[in-house]
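Me: I have a model open on my screen and would like to talk it through with you. Could we take it step by step?

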Amino acid sequence: MKVVHVNAEAQRNACLARLCAEVYGQQAGLTPLVVFTGTCSVFFPQEAARLFAAVDGQGKPQALALLVLDEEGEGMTVTHACALDQADAQQRLISELTLKAPLRVDVDTAEQEAFYQQSGIKRWFGGAAGKRIGLGARHPAKSVGELAPTLVLDEALILRRFKHDPKAFEEAKQAFLKGLNDFPQTL
């Protein structure tokens, strides 16, 4: 398995659509579309997010992960990740990214923390509202107080635009569906 940065726009959008669909499922309402639209229209053009895939020997995607920069541009938070075919592919992808990127994860459960610990995230801090924050070895922060907030999308603004601009909503929906339909067999 190797890790690839999915940078070509069409492949990136297709992989992001699949990632959002996998993470949120079919009962998530507009959330997958909002995340997809905001990431494609804000984060990617500003180079504030990166999409990575774990691929097998034939280049077939096995897992996907979206990393978003923090406000200082020093760290990258895993905001979305999923396995596609092999159950352990997501863990292998995160393990590889931990070695190469200043990685941060925010988790809510002991199971999530254990998953990321097994993926190479070794430093842990208590965060707000009972969250736990894990940092990879390459992350520069030495304490929770040194962590810059991760960039976030204004999801309410995107939803308002969808509500008031039916054409924008339809274009975003078609782009999302096109991404799902065009998911690459190989990268």
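This is a predicted model: local features need pLDDT of at least 70, side-chain atom pairs count only at pLDDT 80 or more; totals for chains, interfaces and linings use all residues.

Me: Happy to start with the overall layout. How many helices and strands are there in the protein chain?
Reply: Read from the N terminus on, the order of elements is β-α-α-β-β-β-α-β-α-β-β-α-α. That gives the protein chain six helices and seven strands.

Me: What is the radius of gyration of the protein chain, and what does the globule rule give for 187 residues?
Reply: The C-alpha trace spans about 45 × 40 × 30 Å along its principal axes. For 187 residues the globule rule gives 16 Å, and the chain comes close to that, so it is as compact as a globular protein of that length. The radius of gyration is 16 Å.

Me: Which share of the contacts between residues at least 6 apart in sequence joins residues at least 24 apart?
Reply: Let me begin with burial: of the 187 residues in the protein chain, 45% count as buried. For contacts between residues at least 6 apart in sequence, the share that joins residues at least 24 apart is 60%.

Me: Let's look at helix α3. How far apart are its end C-alpha atoms?
Reply: Helix α3 covers residues 89–100, which makes 12 residues. At 1.5 Å a residue it should span 16 Å, and the model agrees with that. The end C-alpha atoms are 17 Å apart.

Me: Which elements do the buried residues of α3 pack against?
Reply: The buried residues of this helix are Ala89, Gln90, Gln91, Leu93, Ile94, Leu97 and Thr98. As background, an α-helix has 3.6 residues a turn, so residues three or four places apart point the same way. The buried residues of α3 pack against β1, β2, β3, β4, β5 and α4.

Me: Is Ala89 buried or exposed?
Reply: Ala89 sits in helix α3, and its C-alpha atom is 8.8 Å from that of Val55, 34 residues apart along the chain. Leaving aside neighbours within four places in sequence, Ala89 is in contact with Met1, Ala54, Gln62 and Ala63. Its relative accessibility is 0%, so Ala89 counts as buried.

Me: Which residues does Leu64 touch, not counting residues up to four places away in sequence?
Reply: Leu64 lies in strand β3, and because its relative accessibility is 0%, Leu64 counts as buried. Its C-alpha atom and that of Val3, 61 residues apart along the chain, are separated by 9.5 Å. Leaving out residues up to four places away in sequence, Leu64 touches Cys15, Arg18, Leu19, Phe52, Ala53, His80, Ala81, Cys82, Leu84, Leu93 and Phe183.

Me: Now the loops. Why does His139 count as buried?
Reply: His139 lies in the loop between β7 and α5. Not counting residues up to four places away in sequence, His139 touches Asp70, Gly75, Pro102, Leu103, Arg104, Arg123 and Leu147. Buried means under 20% relative accessible area, and His139 counts as buried because its relative accessibility is 5%.

Me: What separates the C-alpha atoms of Ile121 and Val105?
Reply: Ile121 is in the loop between α4 and β6, and at 0% relative accessibility Ile121 counts as buried. Its contacts, leaving aside neighbours within four places in sequence, include Thr98, Leu103 and Val105. Ile121 and Val105 are 16 residues apart along the chain, and their C-alpha atoms are separated by 8.3 Å.

Me: What is the relative accessible area of Gly57?
Reply: Gly57 is placed in the loop between β2 and β3. Its C-alpha atom and that of Gly38, 19 residues apart along the chain, are separated by 32 Å. Gly57 is exposed, with a relative accessible area of 74%.

Me: One last backbone point. What is phi of Ala129 near?
Reply: Ala129 lies in the loop between β6 and β7 and is exposed, with a relative accessible area of 84%. Its phi is positive, in a residue other than glycine. The value for Ala129 is near 55 degrees.

Conventions. Residues are numbered from 1 along each chain as its sequence is written. Side-chain values use heavy atoms; hydrogens and water are left out. Helices (H or I, at least four residues) and strands (E, at least two) are DSSP runs, numbered from the N terminus. The expected span of a helix is 1.5 Å times one less than its number of residues. Buried means under 20% relative accessible area, exposed over 50%, partly exposed in between (1.4 Å probe, protein chains only). Contact means heavy atoms within 4.5 Å. The radius of gyration is taken over C-alpha atoms; the globule rule is 2.2 Å times the number of residues to the power 0.38.
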